[in-house]
2 protein chains.
Amino acid sequence: MSSKAMANLKESLMKLPGVGEKTAARLAYHIVEMKAEDVENLAYAIKNIKAETHSCAICFNTIDIGRDICEICASDKRDGQTICVVKDSKDLDAIERAGFYTGKYHVTGGLISPMAGVTQEDIKLKELVQRVYNNDIHEVIIALEPNVEGTATAHFIAKLLKPFGVKVTKLAQGMAVGADFSGTDSVTIARAIENRVPI
Amino acid sequence: MSSKAMANLKESLMKLPGVGEKTAARLAYHIVEMKAEDVENLAYAIKNIKAETHSCAICFNTIDIGRDICEICASDKRDGQTICVVKDSKDLDAIERAGFYTGKYHVTGGLISPMAGVTQEDIKLKELVQRVYNNDIHEVIIALEPNVEGTATAHFIAKLLKPFGVKVTKLAQGMAVGADFSGTDSVTIARAIENRVPI
């Protein structure tokens with residue numbers, strides 16, 4: 001590149017997931033040619049996203065500042081006796097798009113991973129136990145990805161909830177082994193929820 | 001998404017090339033979790049890229065504000081009697097990375113495309129003719145992609161330059177048919193320059 005500003009933009013874009021050197025260069029050359037208004041909007045949306053969002057006080061879903069709890073936690077049309085445990089808001093969105101699930105959620109914010117130095121203290125498990133303790137919860141569906149960390153975290157949660165006598169289930173293996181939510185179609189996700197089995 | 005700010009960021013990201021709804025959601029959820037400093041840098045780099053760059057006064061390569069001409073045009077180590085015509089600065093970078101070409105460039109800023117409403121007046125062809133007229137140019141290498149628009153533009157340029165008696169060549173078909181520069185390795189690009197043939 002013959003421009004330091006362009007090289008700098010490329011470096012910043014390479015912090016995004018799945019964006020290598022070639023893609024970053026392609027994006028940078030596209031951005032410099034975009035309409036000024038679109039560039040402004042993109043920069044503004046990125047700059048402010050952290051300040052404009054926080055976590056739902058109940059389920060830790062990502063919501064706008066100005067609300068304490070998310071629409072799902074606030075809704076009395078959703079089954080408050082069922083909690084679906086997901087890793088993050090992106091997975092929550094994927095399950096919502098499947099349009100089959102009518103209960104509430106709990107976003108852990110991560111998976112237990114000794115390799116990555118993530119312990120049970122680092123994710124929202126105490127808060128899940130509190131919710132089960134304080135409310136009349138009949139079932140906890142664990143919808144974590146079926147990889148090593150997801151499976152380990154699922155079993156840890158099942159053990160934590162054992163004393164409460166709540167039914168703990170996991171998603172059926174309708175999902176392709178090794179697949180994540182973003183690569184799975186809504187019908188398959190709905191089937192996996194429908195066929196959930198006890199842990 | 002349970003956040004309007006996140007949905008707005010997703011919309012803005014979808015203006016980028018190759019970024020559909022799923023990728024935009026993935027990027028947005030990544031950005032909201034990124035280090036604040038990295039988010040600031042990315043937003044800043046995007047916001048200012050148009051103000052910080054402009055075109056080289058000679059070849060129209062993308063350069064930083066504060067310089068009039070690019071390093072290649074300014075260099076007396078480059079062969080000033082050969083001009084390589086490229087569509088944009090991204091293609092120029094790809095040829096520079098191949099490390100074979102030692103002449104100068106001319107960035108047209110587009111290809112003639114009646115379908116897209118782009119005429120010869122919309123790209124930097126008058127400026128190319130001026131350069132050939134005003135300087136002792138021996139060869140013009142046309143390095144436009146070998147698709148319909150690229151081929152049409154190449155022939156239009158060859159016709160424009162005919163009165164000047166300058167040698168006009170195009171890249172050899174060493175490049176895979178239909179491939180663009182970003183998907184072609186440097187060795188193949190170097191070979192295509194080496195084997196250039198008269199139009």
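Student: What area do chain A and chain B bury between them?
Tutor: In this predicted model, the two chains bury about 4600 Å² between them, 64% of it on carbon and sulfur atoms. Buried area is the accessible area (1.4 Å probe) that two parts lose on being put together, summed over both. A:Ser2, A:Ile46 and A:Lys50 supply 14% of the area that chain A buries against chain B, more than any other three residues.

Student: What makes B:Lys15 and A:Asp38 a salt bridge?
Tutor: The term asks for a side-chain nitrogen of Lys or Arg within 4 Å of a carboxyl oxygen of Asp or Glu. Here the N to O distance is 3.6 Å, so the pair qualifies. The count between the chains is four salt bridges.

Student: Why is the relation between chain A and chain B called a two-fold axis?
Tutor: Chain A can be laid on chain B with an RMSD of 0.1 Å by a turn of 179 degrees and a shift of 0.0 Å along the axis; that is the relation of a two-fold axis. The superposition is by least squares on the C-alpha atoms of residues with pLDDT of at least 70 in both copies. In chain A, A:Ala43 has the C-alpha nearest the axis, 2.2 Å from it.

Student: How do you know that the same surface serves both copies?
Tutor: Of the contact residues of chain A, 98% recur in chain B, where contact means heavy atoms within 4.5 Å.

Student: How are residues and chains labelled, and what limits apply?
Tutor: Residues are numbered from 1 along each chain as its sequence is written, and chains are lettered from A and ligands numbered from 1 in the order written. Local features need pLDDT of at least 70, side-chain atom pairs count only at pLDDT 80 or more, and totals for chains, interfaces and linings use all residues, while side-chain values use heavy atoms, leaving out hydrogens and water.
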